[in-house]
Amino acid sequence: MPSPPRRPVSRRRLLQASALALPGAWALAACAREQPLSGPTGGGSSAGGSASGGATSAPAELQIASPTNPVKWPINPGNEPIASGLEPEANATLRLYNYPDYLDKAVIKDFQKEYADYNVKVEYSTFNDYPEALTKIRSGSIPYDVTFMSYNYMARLVYGDLIRPLNHEYIPNIADVWEEFQNPWYDQEWQYTVPYVIYTTGIGWRADLIPEDIGARPNPYDVFWDSKYAGEIAVLDDDREVIGMTILRDGGTDVNTADPATLGAARDAMLEMLSLSQPRVTISGYTDIPEGVLSLSQCWSGDMITGQSYMPEGVDPSVLRYWSPPDGRGLVNSDFLCVLKGGENPVLAHHFLNYMLDSDVSLKNFSWVGYQPPLRSLTPDSMVADGYIPENLAGAVVKPEWFEVGYPVLELPPEVEAEYQAIWQQFKAGA
Amino acid sequence: MTVSAAPAEAILEESRGRRRRRMRGTSEARAYGLGAITAVYLLWALVPVAITVLFSFNEGRSRSTWQGFSLRWYTWDPTGSVLNDESIRNALSYTVLLAVLATIITVPIGVLFALALDRWRGRLPQGANFLALITFVIPEIALAIGLLFMVTYLATPFGLGTWAQVVGLVTFQLSYPIVICRARLLTIGSHYEEAARDLGASALGAVRRIILPMLFPAILVSAILVFADVLDDFVIVRYLSSDASTETTSMRIYQTARAAPTPALNAMATIILVVSALVIVLGWLAYRRWTRKQGESTDVSSLASTL
Amino acid sequence: MVWIALFFLIPLYVVFCVAFGTVDPIFRSPVPIWNPLEWQFTQVEVVWDRLFGPDNFYLPAVLRTLLYVAIAVVACLIIAFPVAYFTARYAGNYRGLVLALLVAPFFISYMMRMLAWINLLQPDGLVNTIITLGGVVPLDINWLSGNPYVVVMGLIYGYVPYMLLPLFAALDRISPSLIEAARDLGASGFDLFRRVILPMSLPGIVAGTLLISLPMMGDYFTSDLLSKSPNTAMIGNLINLSIVAPGQAGQAGTLLILVLLVLLIPMVLYTRSNARAEVRS
């Protein structure tokens, strides 16, 4: 970074963070039961060297997967995939753990019907954000079977021995998935995950409430710093999305930066945003914008598509707009489905994953949640033509080539993550 | 600090008649003024809730534009109604289950606690009494987080979920039966029990046959209070819940009120309202019957002042 | 008694252990330290820094909380006093009914009462319909996005019933003849209020104030439901946010301990006055 840090927020706290790691032996002894024995291997690095250390030596650095550093995760001893050819568990309750409104309830009902022979019940529990989800999964007190996650939690899921490797024989429907998602960089050879949906992060608004074309601004992100819209707008309740967006707005491209100067600048900009436009912090833009509680919000590409069904009577859904960088140089990400180790119904969970990859099921789910699955049977060009996405929201279609140029939100080393969290907490404490 | 009443009363007698007439005038005006304030307050307090109930019968999915009367959100909407949305049904039945469990456990423990406090003197019971009162006023979030940490980091025989929630609720509610029963025990005094002992009753028998029946109104009142309060609890049940099967109606309102609610949410809230109203009315009737039979006063204010 | 020891004291102790514990280096989840002799105070330092150090970003939220609570308590008093006074003195034949209506909100779920206001305050809700006279007046007020007045109103609305009952109980104990006596001695309305009613209802005022301000200090859901903006975040919101965020459970614990320490004085006051009242009766 060319400019010196304006306010070096992080040095001291970074030091504190590393100081915390010192009494590591004690800490590790305490949580030894939760640590797998080996670190990840793959990506050419030699992290597996600490395998013999176990509880006595500090664990290997978290392996961080990225498009330039694809990772094949290790399979921890004792956590082999389930055997082939097993019958799904009968009379089981399949516990799903997901964001609210991130899966069509009708699809769940269909699944129960499809597996009626086994008397399957599906229970849908929700979290507000991924950190909360990870904390609860790790506490181990609830036997969730399947969760919907993002790859910036992949290393911790594997390290914590929280997820179960997949037996591919149960999941033939993978064949319909886009090529690059059959061997994704975040999980080479899809050992643990199958893709769920892909999305961009951008800006959604109601054209009748915001009389301007946000996308025509020289820097559309500036709208969040525009006091004209104070009290009408919101940003996502997600630290990475907001910090990432702020970095992009200020001309940066590394949304996973560990550079204290960049982060300090982002923090200052976010605080400035608080006082200028008083945004709300929420993921409910998909209902708040249609209902007019908000006029504009940072949101994910599926939000405005699903938002059409929340329009109050008498308002034309075609007033909804969505913008994300049209060249794909914005936040472009995907979520995956995985089977949790603590679940009680691993076979049924495999069946559920396979069911979700079925093209009809996937389409039905897509038309409800508004998030696009990376399936061959659903080409981006056909989506507007086939009426899945209306003309006014054509910007919400995610193009495959954007995964080449877009910026994925990656997992962070713990001490950097702490820095992001500190910024986020300061933001959420208000100004 | 108070105006001494006795001399005042003596001096008054003669001047009373003179002043009374004038006073009645201003006093009536004041009564009307205060009455108006009270009426406005009651409107402000209750009308929003009434509107919420009203819109649970809305035909359309709006919660602010009236589109005609219908039971759609109670019964016939195929996916969204209380009857057909399994998660709403679960939340309702689970809320009632929690309230029943918590009440069943809280009240006996609380009564025993109160009896024990009434009998034993000394430092330990005093400390216990102090703790019980502290649980009455401590911010709920403190207890909830403490229990959350305890369940997560200590090896407890129960995990997050129903039992953790019940434990939290019982701990938090315990002060109701303790405070109410102690107050009652103080008014009962010890002579009934002594008389019973003199007539040959055993210590246990005296408690069972004399004290417990006399304590019954207090037990009933505290049970109603605990039950109604648990129905509404939010902080403890949320922190200690595990998954969707341990979700209560208040959690559901919190989660969906700002997301994508339909009038079904209003319908669910209305049903819980009706349940707690029913319990209160039934409890009240039982209380009246009992106290009538015992020839005691049934003033509402005696209930209020125990709070 | 064992129950309280088990499920009240131990959880509090665990909060201390977490607050004074360390953090798992990978997951950044808290690692409690059970032995008080080994307690570390890094988390406390972090929180202290954020309160009073150069990065004091907790402070605005704390001051905001105090301000909100103070306004709400005063408003509750102003609203509750005449209502309670009327019910205790003048309600006459309607006393039972009025009292039942006053107690009713006490039994209506807090969440439902907040839901009621969310519905009313929506952009196309009744409040806006009335203000704009059904769309005639071109006013577009968005109540639910970070409006501090709405949050404070929500607090008042939510907690007033808890103020009413102790006030009523205190006012009800004042004998009517005492008031009459004061009047006959020539006390004006204001004098009567200042020198008789107010002092005699003081225990009720104190009890009510404590009863509503203590839970308000830990309240996060009112602000969450009615605003969701960081600009109205209260201490409760900070705690609630830290509790699930990786690496910050210890800070949540520390904040909680600080809040409890500050609140300990009023809590002890309350229990003391309660115990004394018991002795007197």
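Here are some questions and answers on a predicted model with chains A, B and C.

Q: How many helices and strands does the secondary structure of chain A come to?
A: Let's start with the make-up of chain A, which has 431 residues, 52% of them counting as buried. Of its contacts with a separation of 6 or more, 77% are between residues 24 or more positions apart. Its secondary structure comes to 14 helices and nine strands.

Q: How far apart are the centres of domain 1 and domain 2 of chain A?
A: The domain assignment gives chain A a domain 1 made of 93-198 + 333-401, and a domain 2 made of 199-331 + 408-428. Taken over C-alpha atoms, the centres of domain 1 and domain 2 of chain A are separated by 24 Å.

Q: Which strand of chain A gives the most to the side that touches chain B?
A: Here 17 residues of chain A are in contact with 15 residues of chain B. The chain A side divides into six nonpolar, six polar and five charged residues. With four residues, the element that gives the most to this side is strand S2 (residues 121-126) of chain A.

Q: Which helix of chain C gives the most to the side of chain C that touches chain B?
A: In this interface, 80 residues of chain C are in contact with 75 residues of chain B. By class, the chain C side has 61 nonpolar, 11 polar and eight charged residues. The element that gives the most to it, with 11 residues, is helix H5 (residues 110-121) of chain C.

Q: Are H3(B) and H6(B) roughly parallel or oblique to each other?
A: The axes of helix H3 (residues 86-119) and helix H6 (residues 162-173) of chain B come within 9 Å and cross at roughly 50 degrees. Angles under 35 degrees count as roughly parallel, and 65 to 115 as roughly perpendicular. The crossing of H3(B) and H6(B) is right-handed. By their angle, H3(B) and H6(B) are therefore oblique.

Q: How many charged residues does the contact of H3(B) with H6(B) have?
A: From H3(B), the residues are B:Leu98, B:Leu101, B:Ala102, B:Ile105 and B:Thr106, and they meet B:Gln165, B:Val166, B:Leu169, B:Val170 and B:Gln173 in H6(B). By class, seven are nonpolar and three are polar, and the number of charged residues is none.

Q: Is H8(B) roughly parallel or roughly antiparallel to H9(B)?
A: Helix H8 (residues 191-198) and helix H9 (residues 203-232) of chain B have axes 10 Å apart and pack at an angle of about 155 degrees. An angle over 145 degrees is what counts as roughly antiparallel. H8(B) passes H9(B) in a right-handed crossing. The angle therefore makes H8(B) and H9(B) roughly antiparallel.

Q: How many residues of helix H11 of chain B are buried?
A: Helix H11 (residues 249-256) of chain B is mostly covered. Its buried residues are B:Thr249, B:Ser250, B:Met251, B:Arg252, B:Ile253, B:Tyr254 and B:Thr256. Out of eight residues, the buried number is seven.

Q: Is A:Asn119 buried or exposed?
A: A:Asn119 is not a glycine, but has a positive phi of about 55 degrees. A:Asn119 is found in the loop between helix H3 (105-114) and S2 of chain A. A:Asn119 has 11, so A:Asn119 is exposed.

Q: How many other C-beta atoms lie within 10 Å of A:Asp161?
A: A:Asp161 is in the loop between H5 and S4 of chain A. Its phi is positive, near 60 degrees, in a residue other than glycine. A:Asp161 is partly exposed, and the number of other C-beta atoms within 10 Å is 18.

Technical notes. Residues numbered from 1 in each chain as written. Chains lettered and ligands numbered in written order. Predicted model: local features only at pLDDT ≥ 70, side-chain atom pairs only at ≥ 80, totals over all residues. Contact = placed C-beta atoms within 7 Å. Helix = DSSP H or I, 4+ residues; strand = E, 2+ residues; numbered from the N terminus. Nonpolar A, V, L, I, M, F, W, Y, C, P; charged D, E, K, R; others polar. Axes fitted to C-alpha atoms, helices over the stretch in contact; angles between N-to-C directions. Left-handed = near helix turned anticlockwise from the far one by under 90°. Domains from an automatic or database assignment. Buried ≥ 20, exposed ≤ 12 C-beta atoms within 10 Å, placed from the backbone.
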